[in-house]
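Visitor: I am new to this structure. Please show me how to read a few of its features.

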Amino acid sequence: MAKAGPERIEKLVNTLRDWQKIEREAVESCAQIMEKTSNPLIRQFMEIIRNDSVQHHRVQQFLIDSLTKEQIKLTPEELGEVWDEITAHDEAERKTIELAKECKKECRFFVQRALLDYLIIDEEKHDHILQSLEEFK
């Protein structure tokens, strides 16, 4: 039998808190790895992952708060107030994706290609997030 609403929310919050613990451990692990190496590529990768884990933890807390404190609301009017700016920003994100892809196509070096891949994925993620707002609109 499916759990009732409050039980489902409690389970979701507990799962998010467990996930936050893993993210905190990831932050610490990345810091430890960075301390053990002077290799700039390994340090850069660990810094990227560490920063992402910090942001994941913040988003998870936002989710927890939205389930336990105050529900998040977004009205079409609120979105409309900034829609032109969001559209302009999304266009800039798409341009950066194309630039990064152009750089990657021309680049033959492993290290630089790996970092360009990361940038492409991250910029595509930004575009995806902004597209989700358009779906709401």
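**Reading helices, burial and cysteines**

Guide: Keep in mind that this is a predicted model. We can begin with the cysteines. At 5% relative accessibility, Cys-30 is buried.

Visitor: How many disulfides does a search of the whole structure find?

Guide: A disulfide is a covalent bond between the sulfur atoms of two cysteines. The search here finds 0 disulfides.

Visitor: At what angle do helix H2 and helix H4 pack?

Guide: Two packed helices are described by the angle between their axes and the distance between the axes. Helix H2 covers residues 40-68 and helix H4 covers residues 110-136; their angle is about 10°, and their axes are 12 Å apart. Angles under 35 degrees count as roughly parallel, so H2 is roughly parallel to H4.

Visitor: Which residues in H2 and H4 meet?

Guide: From H2 come Leu-41, Gln-44, Phe-45 and Ile-48, and from H4 come Phe-110, Val-111, Ala-114, Leu-115 and Tyr-118. Sorted by class, this contact holds 8 nonpolar residues, 1 polar residue and no charged residues.

Visitor: What span does H2 reach from its first C-alpha to its last?

Guide: With 29 residues, H2 reaches 42 Å, close to the 42 Å expected at 1.5 Å a residue.

Visitor: Which residues of H2 are buried, and what do they pack against?

Guide: Burial is read from relative accessible area, with under 20% counting as buried. In H2 the buried residues are Leu-41, Met-46, Ile-48, Ser-53, Gln-60, Ile-64 and Ser-66. They pack against H1 and H4.

Visitor: Is Ser-53 buried or exposed?

Guide: Ser-53 sits in helix H2. Its relative accessibility is 3%, so Ser-53 counts as buried. Leaving aside residues up to four places away in sequence, Ser-53 touches Glu-23, Ala-26 and Val-27.

Visitor: Where is Gln-20 found, and which residues does Gln-20 touch?

Guide: Gln-20 belongs to helix H1, which covers residues 5-36. Its relative accessible area is 5%, so Gln-20 is buried. With residues up to four places away in sequence not counted, Gln-20 touches His-57, Gln-60, Gln-61 and Ile-64.

Definitions and conventions
Residues numbered from 1 in each chain as written. Predicted model: local features only at pLDDT ≥ 70, side-chain atom pairs only at ≥ 80, totals over all residues. Heavy atoms only, no water. Helix = DSSP H or I, 4+ residues; strand = E, 2+ residues; numbered from the N terminus. Buried < 20%, exposed > 50% of the residue type's maximum accessible area, 1.4 Å probe, protein only. Contact = heavy atoms within 4.5 Å. Disulfide = S-S within 2.5 Å. Axes fitted to C-alpha atoms, helices over the stretch in contact; angles between N-to-C directions. Parallel < 35°, antiparallel > 145°, perpendicular 65-115°, else oblique. Nonpolar A, V, L, I, M, F, W, Y, C, P; charged D, E, K, R; others polar. Expected span 1.5 Å × (residues − 1).
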